Amino acid sequence: MREHRDIFTDEIRIPDVVLRKADDAFARIQKEGNLEMNRKKEQKKKKRRNFLRRQTAAAACICLLVAAGITATAAIHRLWSRGMQGTVRATQTQQQELIEQGVATVLEETESPENLSVTDGAITITPQTVIVDSHFAHVSFLVEGYAPDGNVEPAFEFTEAWLGEDPDAENAQASINASFYNGIVSDENGNPVYEDGTALESDGDGRLISRYQDESGRLEYIVSVHSSDPQSSLSGQTLHVSLSNLGTVSKAEYIPAQEGNWEFAIPLSDSDSTVSFPADSPIDGTGFVLKSVDLSPISATIQYDADPPGEIREDETGIPHFMGVVLEDGTRLPYLADGGSDRYTDETMTSACTMSRFDRVIDPRAVTSILILTEAGTDMQEVPLRRESVSE
């Protein structure tokens with residue numbers, strides 16, 4: 001038996017000045033409330049079993065759905081799952097492009113569902129969609145056989161993820177964010193709305209009404225991980241996910257309903273579509289200088305130099321916050337960042353790094369500027385990128 005390890009990380013903290021509504025914060029708290037509960041719990045884990053085995057589908061998919069009259073060059077892929085479309089929003093064209101690039105994989109195209117699913121008791125869990133770049137990976141799981149009554153939040157009692165075969169290896173650790181998809185997304189202004197664009201509603205007790213179940217009454221669980229070290233990469237690795245016990249969560253308290261253990265080993269694609277932008281741009285009002293920006297369709301990794309060296313204050317690193325991007329057609333996406341981490345990368349605190357996942361897919365080649373918010377600032381700074389020296 002192996003002792004459960006806490007591998008959760010803090011999300012990027014967004015200053016109050018950019019919070020658009022109190023409902024925004026409430027929706028985020030509800031969506032990720034079970035993470036706080038997991039952070040406080042430890043238990044002995046059951047023996048690992050029922051690993052999912054399959055080969056990585058990085059270059060091509062086995063199942064091609066070709067509509068009548070469409071040429072052989074127009075391969076049609078299955079769309080992402082509902083929960084993945086809500087977690088990382090993308091048009092059908094963007095979904096198709098990422099599948100063709102190997103960044104996204106719809107597992108039903110590479111394996112039959114019965115080979116993917118793990119059943120314990122009456123509950124069957126099936127991994128559906130995987131999206132990965134160098135630093136972030138998202139996996140959606142369809143959960144069948146469990147549907148809690150009323151306006152309550154479903155939760156696994158324990159969620160654990162690690163890279164490689166040895167969960168106790170130093171390089172196996174990964175930061176994890178996981179929750180059941182609740183049907184709530186952010187609009188273009190960062191305000192929470194339902195996935196169909198309608199305004200949020202509350203029940204008779206004043207609690208936010210979430211839409212966890214799909215039209216068939218099924219649930220979907222989203223596991224997102226990112227590498228703790230900006231120099232490491234998730235590409236080509238095997239992600240192990242362990243889910244234990246199902247129930248509900250209220251006020252960070254887990255209420256058990258069904259015992260069980262579901263284990264998966266998921267190969268991650270080694271494809272990547274990161275675009276690198278070298279830089280040498282001071283951030284106004286700070287001692288930080290932007291040195292490089294790596295953008296993929298689903299994340300940003302930003303390197304800074306600090307002169308004078310940085311200082312960590314209570315609950316603050318002083319590192320500027322990445323917020324969003326500006327595209328070459330003038331489109332601004334100021335609330336693109338949807339969590340991640342920031343850290344100093346050396347003991348002298350003269351180098352820093354921010355890693356941020358996105359709430360939607362972008363074309364990194366179309367980005368002309370990034371939007372930065374400093375802890376002391378009230379407005380986002382637009383920092384142009386040196387596109388003439390872009391590398392992929």
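Modeller: Start with a cut-off: buried means under 20% relative accessible area, exposed over 50%, and partly exposed in between. Keep in mind that this is a predicted model.

Biologist: Why is R211 called partly exposed?

Modeller: R211 has 28% relative accessibility. That value falls between the limits of 20% and 50%, so R211 counts as partly exposed.

Biologist: What makes D196 exposed?

Modeller: Its relative accessibility is 51%. The limit is over 50%, so D196 counts as exposed.

Biologist: How do you know that D196 and R211 meet in a salt bridge?

Modeller: The N to O distance is 3.4 Å. A salt bridge needs a side-chain nitrogen of Lys or Arg within 4 Å of a carboxyl oxygen of Asp or Glu, so the pair qualifies. Both residues sit in the loop between β10 and β11, 15 residues apart. The structure holds 13 salt bridges.

Biologist: What makes R207 and D203 another such pair?

Modeller: Their closest N and O atoms are 3.1 Å apart, and the cut-off is 4 Å. R207, at 41% relative accessibility, counts as partly exposed. D203, at 19%, counts as buried, because the limit is under 20%.

Biologist: Why are R360 and D359 called buried?

Modeller: R360 has a relative accessible area of 10%, and D359 has 7%. Buried means under 20%, so both qualify. Their side chains meet in a salt bridge at 2.9 Å, N to O. Salt bridges with shared partners join R89, E188, D359 and R360 into one network.

Biologist: Now helix α3. Which of its residues are buried?

Modeller: Q95, Q96, L98 and I99, within residues 92–101. They cover an arc of only 165° around the axis, which puts them on the same side of α3.

Biologist: Why can residues a few places apart point the same way?

Modeller: An α-helix has 3.6 residues a turn, so residues three or four places apart point the same way.

Biologist: What do the buried residues of α3 pack against?

Modeller: They pack against α2 (82–87) and β3 (104–106). G102 follows α3, with a positive phi near 85°.

Biologist: What makes up the largest nonpolar core?

Modeller: That core has 33 residues. Those with the most contacts inside it are I125, F141, V143, F156, Y221 and V225. Strands that each supply at least two of its residues include β5 (123–132), β6 (136–144) and β7 (153–163). Apart from it lies another core, of 28 residues, among them F288, A300, I302 and A352.

Conventions. Residues are numbered from 1 along each chain as its sequence is written. This is a predicted model: local features need pLDDT of at least 70, side-chain atom pairs count only at pLDDT 80 or more; totals for chains, interfaces and linings use all residues. Side-chain values use heavy atoms; hydrogens and water are left out. Buried means under 20% relative accessible area, exposed over 50%, partly exposed in between (1.4 Å probe, protein chains only). Helices (H or I, at least four residues) and strands (E, at least two) are DSSP runs, numbered from the N terminus. The arc is that of the directions from the helix axis to the C-beta atoms. Contact means heavy atoms within 4.5 Å. A nonpolar core is a set of buried Ala, Val, Leu, Ile, Met, Phe, Trp, Tyr and Cys residues joined through side-chain atoms within 4.5 Å.
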